[in-house]
Amino acid sequence: MIYLDNAATTRVYDTAADAAKRVMLDDYFNPNATYSSAVKTNDDVEQCRRDIAKSIGALPEELIFTSCATESNNAVFDCCIKNKKGNIVTTCGEHSSVYENAVRFKSRGIDVRFAPLKKSGSVDENSLLELIDENTALVSVIHVNNETGVVNPIARIAERIRKKSPRAIIHSDGVQALLKTEISLDALGVDLYSASAHKIGAPKGIGILYVKNGINISPILYGGGQERGLRSGTQNTPYIAAYAAAVERFIATADRSKMTGIRHDLSVYFESRGCFTVGTDENSGYIICVCIPGVKAEILQNAVHDKGVIIGKGAACSGTKRGNRVLSAMGLDPYQIECCIRLSFFTDTDSKDVLNAANIIIDTAQAIRSNNVG
């Protein structure tokens, strides 16, 4: 099997699985209890927090463990918007867990403004800045687009926002960006940042919300006061351990130049066969979106799956919805959108496997077209 849907989820690293198993079977104590074994478990949690924080350019006290980035993104909206006086500015290229929250708040009567995307995939920065004013309470801009892999220049955008609206809280969804881009959180200039562990070789069910020191938000969950009082509830200690182990393994094995090379070679290959790459701005290297004219992505996905190749056809979380909001915002027509596939990579992705998969995809697409003509 050649697995090329890593933007949806990744295989758990052996070291991460081992770390989770150890905590489940041996160090299973509640980290909030007061006896020595539990205190050690709490110490281990805090060491994991320190290790992750150091790896991503944050302070340990700035990381709140959550269940996933969707929870983190929901918390950003629920905890930052106090009343209807301030407006929210976001983009048409957001993950659904940000976009649908923006729509939810708009339905409540809050002024929500959506910045357009450029045809090349990134947010139109000037249009975004025009939407921001002195009453802007929250600005949320995705770091790496989950459909195309296009990188938004968050550090520059944040700097421009600060100059125009110093009191606005700046958030970025970094699910497809964390550890996959060169810049660290302390250099981004954001107040809040969301990430999910299962995109980098840890299990599903653990994520983080970065809350910059000095930024006050309401609690996500009320109760016993865990996670600096922001997210009550017993911490998911096995998956926290797995997260830290995955971060360490990812850093040790990641090769951005390799990913960039794979994506470039694929782009050249597909374009030489009458297809085109969607999203031409700076890319993380881990995702490529390709339009294969004349073949519906869903049909192609199922057909190549039977040949041992697993690909995506857009964000997995939007798999039950027709069309594609992000690609539409980039100017693709419905016919082009239904022919778009997404290939995404991980640290263990082999370049030869990828090119072999590309050949299978093109051969299968040609066969589908021939059957349709016949």
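Two strands count as paired if DSSP finds at least two bridges between them. With that in hand, welcome to a quick tour of this predicted model. In strand E8, tyrosine 210 is the bridge partner of leucine 63.

- Strand E8 covers residues 207-211, and five of its five residues are buried.
- Gly207, Leu209 and Val211 point one way from E8, while Ile208 and Tyr210 point the other way.
- In a regular strand, side chains alternate between the two faces of the sheet.
- Strand E2 (residues 63-66) pairs with E8 in the antiparallel sense, over four bridges.
- Strand E7 (residues 192-196) also runs antiparallel to E8, and five bridges join the two.

**The open sheet E9-E10-E12**
- Three strands make up this open sheet, in the order E9-E10-E12, with antiparallel pairing.
- Strand E9 (276-278) and strand E12 (340-344) are the edge strands, and each pairs on one side only.
- On average, neighbouring strands of this sheet are turned by 35° against each other, direction ignored.
- E9 is joined to strand E10 (residues 287-291) by three bridges, and threonine 277 stands opposite valine 290 in E10.

**Nonpolar cores**
- The largest nonpolar core has 95 residues, and those with the most contacts inside it are Tyr243, Phe270, Ile292 and Leu343.
- Helix H8 (residues 237-253) gives the most to this core, with nine residues.
- Another core, of 22 residues, lies apart from it; among its members are Val76, Phe105, Leu138 and Ile220.
- Leaving aside neighbours within four places in sequence, leucine 343 is in contact with Leu4, Leu266, Phe270, Tyr286, Ile287, Ile288, Ile311 and Ile361.

**Asparagine 87**
- You will find asparagine 87 in strand E3 (residues 87-91).
- Asparagine 87 counts as buried because its relative accessibility is 2%, and buried means under 20%.
- The side chain of asparagine 87 makes a polar contact of 3.0 Å with the side chain of aspartate 133, and another of 2.8 Å with the side chain of threonine 136.
- Beyond neighbours within four places in sequence, the contacts of asparagine 87 include Asp111, Arg113, Asn135, Ala137 and Leu138.

Technical notes:
Residues are numbered from 1 along each chain as its sequence is written. This is a predicted model: local features need pLDDT of at least 70, side-chain atom pairs count only at pLDDT 80 or more; totals for chains, interfaces and linings use all residues. Side-chain values use heavy atoms; hydrogens and water are left out. Axes are lines fitted to C-alpha atoms, for helices over the stretch in contact, and angles run from 0 to 180 degrees between N-to-C directions. Buried means under 20% relative accessible area, exposed over 50%, partly exposed in between (1.4 Å probe, protein chains only). A nonpolar core is a set of buried Ala, Val, Leu, Ile, Met, Phe, Trp, Tyr and Cys residues joined through side-chain atoms within 4.5 Å. Contact means heavy atoms within 4.5 Å. A polar contact is a pair of N or O atoms within 3.5 Å; within protein, one must be able to donate a hydrogen and the other to accept it, and residues adjacent in sequence count only if both atoms are side-chain atoms.
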